[in-house]
Amino acid sequence: AYERRFPTCPLIPMFVASDTVNEYRSEDEAIHVIERRCKLDIDAPRLLKKIAGVDYVYFVQKNSLNRRERTLHIEAYNETFSNRVIINEHCSYTVHPDNEDWTCFEQSASLDIKSFFGFESTVEKIAMKQYTSNIKKGKEIIEYYLKQLEEEGITFVPRWTPPVACKSESSTSHPRRPVSPAINIPESATKEGLSNKEILNTSSSPSEPTAGTPDDKLDADYIKRYLGDLTPMQESCLIRLRQWLQETHKGKIPKDEHILRFLRARDFNIDKAREILCQSLTWRKQHQVDYILDTWNPPQVLQDYYAGGWHHHDKDGRPLYVLRLGQMDTKGLVRALGEEALLRYVLSINEEGLRRCEENTKVFGRPISSWTCLVDLEGLNMRHLWRPGVKALLRIIEVVEANYPETLGRLLILRAPRVFPVLWTLVSPFIDDNTRKKFLIYAGNDYQGPGGLLDYIDKEIIPDFLGGECMCEVPEGGLVPKSLYRTAEELENEDIKLWTETIYQSASVFKGAPHEVLIQIVDASSVITWDFDVCKGDIVFNIFHSKRAPQPPKKDSLGAHSITSPGGNNVQLIDKVWQLGRDYSMVESPLICKEGESVQGSHVTRWPGFYILQWKFHSMPACATTNLPRVDDVLASLQVSSHKCKVMYYTEVIGSEDFRGSMTSLESSHSGFSQLSAATTSSSQSHSSSMISR
């Protein structure tokens with residue numbers, strides 16, 4: 001199927017032609033190596049082609065097929081401008097080590113731009129755009145030719161066997177394995193774009209599992225015990241996403257059960273699942289959610305008046321959470337605590353739910369990945385529709401939906417009063433469609449009849465306030481005393497205090513308004529360290545040194561830029577009259593950081609004084625020699641929807657006498673969250689303080 005794209009491929013418009021340069025076949029037909037010279041019509045501006053003096057570029061591609069090992073390796077490099085630009089690409093199709101009915105696809109490439117008539121950045125953008133486009137179309141092309149083969153009646157290709165003359169000798173060193181069935185790529189696989197590492201299910205039925213551990217493979221016992229029923233394609237998606245996290249994510253890797261929740265929430269679309277999972281991991285890191293159960297104690301007001309708590313489990317073994325919303329004074333809780341405390345309490349409930357799911361999985365010997373929530377609305381009235389209370393509820397729903405997908409197995413809403421449809425109209429648009437399908441709503445005493453509570457909960461554990469015999473220890477709620485209410489100013493201060501317990505700070509970066517942090521160094525050779533995530537947009541990270549302290553920003557200085565950001569501050573320290581090289585100097589090469597990247601690094605100070613860490617909006621410089629729009633500008637405008645970026649950062653200074661160890665361990669490094677391949681860098685860029693890891 002792969003060979004059919006030569007000498008030219010109608011699905012790749014830029015692939016104009018190809019000629020065979022060299023070809024080799026081994027005597028036993030096991031090895032076939034063919035080298036071609038490919039002619040490409042690159043989608044580049046006419047001006048750039050005119051300056052370069054070329055209409056087409058040529059690549060040399062070498063395909064090595066090993067029928068004995070069942071591998072196809074593809075290598076390519078550029079022939080045109082090879083003294084200015086070096087491009088190397090490697091692809092391979094191999095048999096999956098754990099399931100021989102799966103095909104593994106791997107692809108990697110490198111780009112090194114030495115010089116290109118002053119258009120280095122433009123060439124880099126074009127190359128990345130072209131490469132990304134080819135990756136996304138790769139699966140579509142191979143499936144096109146597989147289908148073409150099937151239409152011609154070719155549905156099976158027998159395994160290679162050694163010639164009769166050398167069969168006895170070869171069979172000793174290379175024993176034959178059973179012949180694989182015909183290739184059959186499921187339709188569900190065609191809905192996803194091709195990623196750097198793709199594992200395609202090429203069998204109509206799953207193969208016999210091999211023994212192994214959950215860390216390196218998924219065997220049948222592990223799936224049945226901890227994950228539940230998975231199709232081969234779903235299993236493949238889980239393996240790929242987990243492997244991507246292991247290669248790129250710097251930090252705690254979620255368990256398979258948690259990764260699986262995000263895949264299920266996006267119908268096993270890997271790109272969409274990866275996006276929301278990475279956003280959630282960044283959020284958990286920022287607010288230290290992993291430690292909330294160990295480090296945060298709910299205020300006494302919540303313990304006394306929040307009418308909710310865990311209560312045994314349902315008939316499916318799911319942990320059961322009971323919420324007496326009708327008996328809860330939502331207005332009083334919001335007035336006494338503020339939104340942040342309520343939100344944090346709900347987060348602790350969800351974290352406890354995850355822990356209980358793990359416990360029940362062990363107790364019942366089958367996967368329990370979600371919980372059941374029973375909401376009693378007896379007593380619900382217009383007081384519960386108080387606007388700030390509804391606003392807090394909507395925010396809580398939004399946060400929970402984004403970070404705890406597929407954790408709600410069933411929601412039982414009991415004794416819904418007439419006012420309930422009003423509340424439902426307000427909150428239902430914020431609830432995911434898949435989650436809404438899990439809602440069961442009972443009016444009055446309908447829950448006591450057929451299809452009611454007894455279908456989901458054992459009679460022995462139905463709470464007493466619902467007519468059961470089990471004493472429920474959930475607080476009864478009631479009105480919060482007004483003496484516990486606090487003013488808006490007090491709540492605002494408390495909210496800030498609650499969420500700034502994290503060591504990370506948030507900042508907004510605008511076009512023309514960078515965010516800057518001042519660090520005073522008394523002793524030379526101190527080490528400034530940083531750790532930041534780019535949550536939105538692309539930024540440039542700089543480090544400057546000044547012998548004199550900058551003036552603190554005026555109160556109205558930010559107003560001039562119309563900067564208002566409740567989600568992060570913006571501080572500018574470098575005075576506009578300061579000149580680079582006279583008033584302050586750059587001590588590290590600028591580092592361009594893409595959206596979704598996590599960057600850690602350090603700088604050993606050479607002089608005492610004032611160091612300024614700067615996060616600046618990344619925008620391409622305008623072209624001074626022509627009025628034509630630059631390709632960089634066009635691409636940047638497509639990628640950044642607004643002139644606003646967000647970063648989450650932490651900085652620390654380590655004294656020279658306290659620092660021990662290798663400096664390379666602290667050098668700046670990024671891991672891509674929103675992209676599969678790491679950003680390319682020009683060879684002229686300084687690598688003294690940055691390294692990129694895949």
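Let me open with Arg415, which counts as buried because its relative accessibility is 16%; buried here means under 20% relative accessible area, exposed means over 50%, and partly exposed is in between, using a 1.4 Å probe and protein chains only. Arg415 sits in strand 11, residues 408–416. What is phi for this residue? Near 55°, a positive value in a residue other than glycine.

Before going on, a word on the model: it is predicted, so local features need pLDDT of at least 70 and side-chain atom pairs count only at pLDDT 80 or more, while totals for chains, interfaces and linings use all residues. Residues are numbered from 1 along each chain as its sequence is written, and side-chain values use heavy atoms, with hydrogens and water left out.

Now the overall picture. The protein chain has 16 helices and 23 strands; these are DSSP runs numbered from the N terminus, with helices being H or I of at least four residues and strands being E of at least two. Of the 694 residues in the chain, 48% are buried. If you take contacts between residues at least 6 apart in sequence, 74% of them join residues at least 24 apart, where contact means heavy atoms within 4.5 Å.

You will find Glu29 in the loop between strand 1 and strand 2, the latter being residues 31–40. Is Glu29 buried or partly exposed? Partly exposed, with a relative accessible area of 40%. Then, in the segment before strand 1 (15–25), there is Pro7. A cis peptide bond joins Phe6 to Pro7, with omega about 5°.

On to the helices, starting with helix 5, residues 232–248. Its 17 residues reach 24 Å from first C-alpha to last, close to the 24 Å expected at 1.5 Å a residue; that expected span is 1.5 Å times one less than the number of residues. Helix 5 is mostly covered, with 13 of its 17 residues buried.

Helix 5 packs against helix 7 at an angle of about 40°, with the axes 11 Å apart. The axes are lines fitted to C-alpha atoms, for helices over the stretch in contact, and angles run from 0 to 180 degrees between N-to-C directions. That angle makes helix 5 oblique to helix 7: under 35 degrees counts as roughly parallel, over 145 as roughly antiparallel, 65 to 115 as roughly perpendicular, and the rest as oblique. From helix 5, the contact uses Cys237, Arg240, Leu241, Trp244 and Leu245, and from helix 7 it uses Ile270, Ala273, Arg274, Leu277, Cys278 and Leu281.

Helix 7 (residues 270–287) also packs with helix 6 (residues 256–265), at about 125° and with axes 8 Å apart. Helix 6 and helix 7 are therefore oblique to each other. Which residues make this contact? Ile259, Phe262 and Leu263 come from helix 6, while Ile270, Ala273, Ile276, Leu277 and Ser280 come from helix 7.

Glu351 is buried, with a relative accessible area of 9%. Leaving aside residues up to four places away in sequence, Glu351 touches Arg284, Val289, Ile292, Leu293 and Tyr404. Thanks, everyone, and do have a look at these spots in the model.
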